[in-house]
Structures are given as C-alpha cells and as structure tokens.
Amino acid sequence: MQNYVFVIDKNKKPLNLVNPARARELLNKQKAAVFRVFPFTLILKTAIDNPKIKPLTLKLDPGSKYTGIALLDGENVIWCAELEHRGYQIKDALLSRRQLRRSRRNRKNWYRKPRFNNRKRSDNWLPPSLEHRILTTETWVKRLMRYAPISELWIEKVKFDMQQMQNPEINGIDYQQGTLWGYQVREYLLEKWGRECTYCGKKD
C-alpha cells in the first residue's frame with residue numbers, strides 16, 4: 001500500500017488526501033509547495049471555497065514499544081505509520097542519572113544528613129516513560145487532525161485474563177498459584193541434584 005499525501009489550502013485548512021501521482025502533478029505545475037516532509041504535506045497556493053470533504057477515521061493501536069496509526073476512508077486504509085516510543089531509553093537514562101548522583105553524594109557530601117523524604121509526587125503523577133508514550137501519541141493525533149479531515153478516533157484497548165477465561169470463579173491467591181504452581185521448583189531441585197537422592201545418591 002502506498003501512503004497518500006496530505007493537502008491543505010492556502011488558509012491551512014485540511015483537504016482530502018491525494019495519491020502520490022496527483023501530488024507530483026500539483027508540484028510540477030507549481031500549484032502547490034511542500035509544507036511538511038513528514039507526514040508529507042502539500043500546501044496549495046490558492047484557497048478552496050466550500051470543498052467537498054470526505055471525513056476520515058483515525059485508528060490507534062497502542063503498545064509499550066510501538067503504536068500503530070492508520071487513517072481510513074471507510075474500510076480502505078489510505079495512510080498508516082508506526083510510532084516508536086523511547087520508554088526504555090528514558091528508563092535507562094534516569095537509572096544512569098540516579099547512579100551518578102548517588103556516587104557524587106557519597107564522594108563529596110558524605111557528611112550531609114540524608115534527605116530522602118523531602119520530595120512529594122502529585123496525585124496524577126505518571127512514570128516519565130509512560131508519560132512520554134501518552135504525550136507523543138497525543139502530539140501525533142493533534143498533528144494529523146491539522147492536516148486531515150478526521151471525524152472519528154478509535155483506540156484499540158485489549159486486555160486478556162487467561163486464568164479467568166479458563167476458570168471464571170478464580171480470585172484471590174489462586175491467581176498466584178496457576179497450572180505450573182510447584183512444578184518449576186520441583187524441576188529446579190531435580191536438575192540441581194542431578195535427579196539423585198541428596199542422602200543416598202540413588203536415582204529414580
């Protein structure tokens with residue numbers, strides 16, 4: 001599938017997306033200019049009065065590492081992208097900063113009284129990696145809404161509880177004692193002692 005091209009008029013109002021061939025024609029005839037490289041957007045040199053706009057649907061498939069983005073015209077996907085998140089990089093950077101600070105305090109401020117309880121988090125605090133994921137997705141949604149006539153937004157939220165699907169009445173500590181409860185520890189001990197008796201050395 002070839003991504004379509006975003007088009008806005010002289011007043012920066014979003015118009016219908018066009019295919020790449022039509023976009024090249026507008027550029028060759030100098031009726032439009034490149035407004036943005038990604039997402040690739042053209043701006044017309046004239047204003048369009050009362051354009052016939054086809055409303056589009058924006059669908060999101062969020063994930064911890066990647067978020068899928070798709071623009072649909074009815075059932076047809078006309079533009080799609082994959083947004084890569086930096087959550088793990090942010091986590092590693094914060095860990096490195098914390099280790100460097102701790103080392104510096106131990107070397108230079110060892111005489112200072114500890115002050116570990118002087119910071120409070122707000123009620124709506126989120127981890128920086130998760131907050132980055134939310135803000136980045138929100139930024140791209142707003143950006144696409146500036147360049148495309150989007151009328152609907154769908155977000156896929158899927159959660160599976162496999163244990164409850166197998167046993168609808170499961171609750172409490174039963175969640176921690178699944179089908180492999182006790183088996184892994186037993187196999188570990190058998191491998192550790194070479195499947196022999198610890199006291200007499202007999203097998204089986």
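This briefing describes strands, a nonpolar core, a surface patch and some backbone details of the structure above. The model is predicted, so local features are reported at pLDDT of at least 70 and side-chain atom pairs count only at pLDDT 80 or more, whereas totals for chains, interfaces and linings use all residues. Residues are numbered from 1 along each chain as its sequence is written, and side-chain values use heavy atoms, with hydrogens and water left out.

**Open sheet of S4 to S7**

- An open sheet is formed by 4 strands in the order S6-S5-S4-S7, with mixed pairing; strands are DSSP runs of E with at least two residues, helices are runs of H or I with at least four, and both are numbered from the N terminus.
- Strand S6 (76-84) and strand S7 (150-155) stand at the edges with a single partner strand each, so one side of each is left without a neighbour in the sheet; two strands pair if DSSP finds at least two bridges between them.
- From one strand to the next, the twist averages 20 degrees, where axes are lines fitted to C-alpha atoms (for helices over the stretch in contact) and angles run from 0 to 180 degrees between N-to-C directions.
- Strand S4 (residues 56-61) pairs with strand S5 (residues 66-73) in the antiparallel sense over 5 bridges, and leucine 60 stands opposite isoleucine 69 in S5.

**Strands S1, S2 and S3**

- S1 and S3 run parallel and are joined by 3 bridges, with phenylalanine 6 opposite threonine 41 in S3.
- S2 and S3 pair in the antiparallel sense over 4 bridges, with alanine 32 opposite leucine 44 in S3, and a hairpin joins S2 to S3 through 4 residues.
- In a regular strand the side chains alternate between the two faces of the sheet.
- From S3, Thr41 and Ile43 point one way while Leu42 and Leu44 point the other way, and all are buried; buried means under 20% relative accessible area, exposed over 50% and partly exposed in between, with a 1.4 Å probe and protein chains only.

**Nonpolar core**

- The largest nonpolar core has 18 residues, of which Phe6, Leu17, Ile69 and Leu71 touch the most other members; such a core is a set of buried Ala, Val, Leu, Ile, Met, Phe, Trp, Tyr and Cys residues joined through side-chain atoms within 4.5 Å.
- Strand S1 (6-8), S4, S5, S6 and helix H3 (128-147) are the elements that give two or more residues to this core, and H3 gives the most, with 4 residues.

- Proline 39 is found in the loop between S2 and S3, and the peptide bond to proline 39 from phenylalanine 38 is cis, with omega near -5 degrees.
- Phenylalanine 40 lies in the loop between strand S2 (32-36) and strand S3 (41-44) and is partly exposed, with a relative accessible area of 31%.
- Val34, Val37, Phe38 and Phe40 form a nonpolar patch on the surface, with about 390 Å² of accessible area together.

**Positive phi values**

- Lysine 12, in the loop between S1 and helix H1 (20-28), has a phi near 65 degrees, a positive value in a residue other than glycine, and counts as exposed at 52% relative accessibility.
- Arginine 195, in the segment after helix H5 (183-192), is not a glycine but has a positive phi of about 55 degrees, and arginine 195 is partly exposed, with a relative accessible area of 39%.

Conventions. Patch = residues over 30% accessible without salt bridge, like charges linked within 9 Å, V, L, I, M, F, W, Y side chains within 5 Å. Areas by Shrake-Rupley, 256 points an atom, 1.4 Å probe, with all protein chains shown as cover. Salt bridge = Lys/Arg side-chain N within 4 Å of Asp/Glu carboxyl O.
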